[in-house]
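Let's take a friendly walk through a protein model.

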Amino acid sequence: MKEVTTIGLDLAKQVFQVHGSDAEGTPLFNRKLRRGEVVRFFAKLPPCLVGMEACGSAHHWAREISAFGHDVRLIPAQYVKPFVKRGKTDAADAEAISEAVTRKTMRFVPIKSAEQQASVMVFRARALLVRQRTQAINALRAHMGELGIIATVGIANVKPLAAIVRDESDPRLPPAARFALEEIVDQVDRLAVRIEKLEREMIAVAKQDEDMRRLATIPGVGAITAMAIKAFIPDPAGFKSARHFAAWIGLTPKSHSTGGKQRLGRISKMGNSQLRSLLVVGAASTLRHVRSDDKARPWLRELLARRPFKVVSVALANKTARMIWALLTRGGIYRGPTRLQAGSIPA
């Protein structure tokens, strides 16, 4: 048998599929491996190129396999799909990965360390608790609305509803309803305590990390956003330019250009949706400050006069993403635009 130079590994929970080929791309084998056999299999192989889809547990297996001297590369799943010839089988997926990993123009996902994955877990745990709190608050509002008790929009206006639920002398709530809604109110309070605990830890970590402190100097970027950027983007230098970085987040227009005619649509919404949401929310917060301050960022006030608020928020989030890439790759901190003196000419 010829020497194996390329391996395509289709990951799973228990049964893995491995496809091997030589330097000319000739298939040598396509077989199944149990979970306990994966490490022993790669320990016996000479160092070769190993491709995997960037999916669940991919970073763990990349670290395990690379320890034996293999060159492990993670491929976005959507880039592997065009190489699948027909049908959806584990063998076809492994073969497609083996072919995709050898392409010179293929884009790969940087392998995260265990510490970087831990940072992502902290951020996603907070996001999960926030979603659960939102669900509980929406349920409380809906149940109270059925009884004609309405509260103003906003998380701060939930406290009056909680006070009504806990006031046993209030006749508007039947005993059975009060018994059920007290559980929801208690759940909201417990979730708020857990979210605050995680946020305190995230802020403490952000204060100790130099890159996060520098990112926090950008308007609209706080400790949570800075930590998310560091967690989701271990190697910002992997992007060719600031625009590539903003496009990866999904903040650039979708292109439908052909025949020399450029057609740009809405933002692509590709990449990391959580990071994109944080940047857009931070940009919206900055715009609300601009609205109340006549001297703050005149160009943003002019843009707000021409375009809707949400469109300007996305545009500012795009600009913020470019500044983030510049700070991470070139160093330094954010410095606001300097105002020109009367009669002076810009260089």
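What follows is a short tour of helices, backbone angles and aromatic rings in this predicted model.

**Two helices side by side**

Begin with helix α5, which covers residues 114–146, and helix α7, which covers residues 175–208. Their axes come within 9 Å and cross at roughly 155°. Angles over 145 degrees count as roughly antiparallel, so α5 is roughly antiparallel to α7. The crossing of α5 and α7 is left-handed. What kinds of residues make up the contact of α5 with α7? By class, there are 19 nonpolar, 2 polar and 4 charged residues.

Now look at the backbone. Most residues other than glycine have a negative phi. Ser57 is not a glycine, yet its phi is positive, at about 70°. You can find Ser57 in the loop between β4 (49–53) and α2 (58–66). Is Ser57 buried, partly exposed or exposed? Its relative accessibility is 33%, so Ser57 counts as partly exposed.

Lys269 also has a positive phi, of about 60°, without being a glycine. Lys269 sits in the loop between β7 (264–267) and α11 (273–292). With a relative accessibility of 57%, Lys269 counts as exposed, because the cut-off for that word is over 50%.

**Aromatic rings**

How many aromatic pairs does the structure hold? There are 6 of them. A pair of aromatic rings is described by the distance of the centres and the angle of the planes. The table sets out two pairs that include Phe239.

| Pair | Centre to centre | Angle between planes | Arrangement |
|---|---|---|---|
| Phe239 and Phe245 | 5.3 Å | 75° | edge-to-face |
| Phe239 and Trp248 | 5.6 Å | 55° | tilted |

How accessible are these residues? Phe239 has a relative accessible area of 17%, so Phe239 counts as buried. Phe245 is buried too, with a relative accessible area of 1%. Trp248 is partly exposed, since its relative accessible area is 32% and buried would mean under 20%.

Elsewhere, Phe29, Phe41 and Phe42 form one aromatic cluster. Finally, find Phe108 and look at the face of its ring: which residue lies over it? Arg73 does, at 5.3 Å from the ring centre.

Terms used
Residues numbered from 1 in each chain as written. Predicted model: local features only at pLDDT ≥ 70, side-chain atom pairs only at ≥ 80, totals over all residues. Heavy atoms only, no water. Axes fitted to C-alpha atoms, helices over the stretch in contact; angles between N-to-C directions. Helix = DSSP H or I, 4+ residues; strand = E, 2+ residues; numbered from the N terminus. Parallel < 35°, antiparallel > 145°, perpendicular 65-115°, else oblique. Left-handed = near helix turned anticlockwise from the far one by under 90°. Nonpolar A, V, L, I, M, F, W, Y, C, P; charged D, E, K, R; others polar. Buried < 20%, exposed > 50% of the residue type's maximum accessible area, 1.4 Å probe, protein only. Phe/Tyr/Trp six-rings, centres within 6.5 Å; stacked < 30°, edge-to-face > 60°. Lys NZ or Arg CZ within 6 Å of the ring centre and 35° of its normal.
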